[in-house]
Amino acid sequence: AARKLKVIVTRKLPDPVETRMCELFDTELNVSDKPMTADELVDAMSRADVLVPTITDRIDSRLLSRSGDRLKLIANFGAGVDNIDVATANARGIIVTNTPGVLTEDTADLTMTLIMAASRRIVEGAEVVKAGGFHGWSPTWMMGRRLWGKRLGIIGMGRIGQAVARRAKAFGMQVHYHNRKPVSPRIAEELGCTYWESLDQMLARMDFVSVNCPHTPATYHLLSARRLKLLRPHAVVVNTARGEVIDEGALANMLAKGEIAGAGLDVYEHEPAINPKLLKLPNVVLLPHMGSATVEGRIDMGEKVIVNVKTFMDGHRPPDRVIPAML
Ligand code: 8YV
């Protein structure tokens with residue numbers, strides 16, 4: 001019988017996913033759940049046919065060049081693959097896959113949560129109550145800003161952007177978006193959304209801005225200091241995509257000076273570090289990169305990984321192969 005291909009998983013995954021992987025493959029789990037060091041990753045990559053990494057593993061060209069020639073598949077546990085140098089991996093004959101689709105709705109839910117939390121002062125209000133600070137209703141207390149009728153500008157109109165648009169429409173918001181190209185007429189009509197070819201022009205007119213694009217060289221600091229300055233002073237920025245898309249230092253400075261009204265962030269430029277200025281601001285809601293963190297979503301992501309690995313092992317092209325041209 002053919003040798004079973006070896007799969008190494010870099011982080012603790014949900015139990016049902018690990019159980020299934022162990023049934024199907026010769027799987028080495030990370031029971032400690034500590035992120036691997038670069039040397040541990042290199043060791044894993046040189047001993048595995050398949051590596052299942054997560055966002056906390058940076059698989060760059062330097063690491064790939066030290067990884068020997070056994071590794072054939074990197075099946076990322078996650079939709080974003082900015083942790084992996086896909087072009088270099090492919091050049092070395094390594095296929096890269098991701099887990100698209102299954103975390104779309106959860107991430108869109110969290111995006112709306114951040115929009116609402118930042119505009120309706122949800123975290124502030126909840127903290128006041130728990131600290132014993134609710135001394136009775138007042139006509140002018142805890143006033144936020146309404147969503148209804150406001151303009152939301154979505155940056156990146158892929159699966160997640162569209163799921164956000166659908167929700168925002170249901171909340172009575174006017175949906176605008178910037179993307180490399182417009183969505184199909186059918187989707188545009190369904191979502192009732194307005195396309196802006198110019199991000200600059202869109203930013204200047206929005207009440208809320210949501211980042212929903214991947215982090216690639218083309219989107220690094222897409223919301224640069226210059227572009228952030230185009231926002232109106234009452235604008236709220238939310239990001240459930242990747243921290244690198246926003247110049248976090250510039251955003252923190254503007255929030256501190258009151259040049260924009262608020263922010264809701266789930267991701268950061270230098271995770272897990274967070275610009276200390278952000279931590280002190282009452283108008284900023286900060287979450288620990290939990291957009292896809294639902295019990296169901298994480299199991300679905302694991303199942304996607306399993307299908308990709310299994311298909312590859314059966315000698316076929318894995319369904320979620322990522323190629324540089326897609327990025
Ligand atoms: C995960 C994500 O937190 O899928 C993504 O792109 O950001 C999240 O689902 C993480 O990336 C898992 O590796």
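Which polar side-chain atom lies 2.8 Å from an oxygen atom of the ligand? One of H289 does. The protein covers 89% of the 320 Å² of accessible area that the ligand has on its own (Shrake-Rupley method, 1.4 Å probe).

This is a predicted model, in which local features need pLDDT of at least 70, side-chain atom pairs count only at pLDDT 80 or more, and totals for chains, interfaces and linings use all residues. Residues are numbered from 1 along each chain as its sequence is written, and side-chain values use heavy atoms, with hydrogens and water left out.

**Ligand site**

The ligand is surrounded by T54, I55, F77, G78, A79, G80, L103, R242, H289, S292, R298 and M301, each with a heavy atom within 4 Å of the ligand. Five of these shell residues are nonpolar, five polar and two charged. Here Ala, Val, Leu, Ile, Met, Phe, Trp, Tyr, Cys and Pro count as nonpolar, Asp, Glu, Lys and Arg as charged, and the others, Gly among them, as polar.

Polar contacts are pairs of N or O atoms within 3.5 Å.

| Residue and atom | Distance to a ligand oxygen atom |
|---|---|
| A79, backbone N or O | 2.6 Å |
| G80, backbone N or O | 2.7 Å |
| H289, polar side-chain atom | 2.8 Å |

**Chain**

The chain has 13 helices (DSSP H or I, at least four residues) and 12 strands (E, at least two). Its radius of gyration over C-alpha atoms is 21 Å, close to the 20 Å of the globule rule (2.2 Å times the number of residues to the power 0.38) for 327 residues, so the chain is as compact as a globular protein of that length.

Terms used. Polar contact = N/O pair within 3.5 Å; in protein donor to acceptor, adjacent residues only side chain to side chain.
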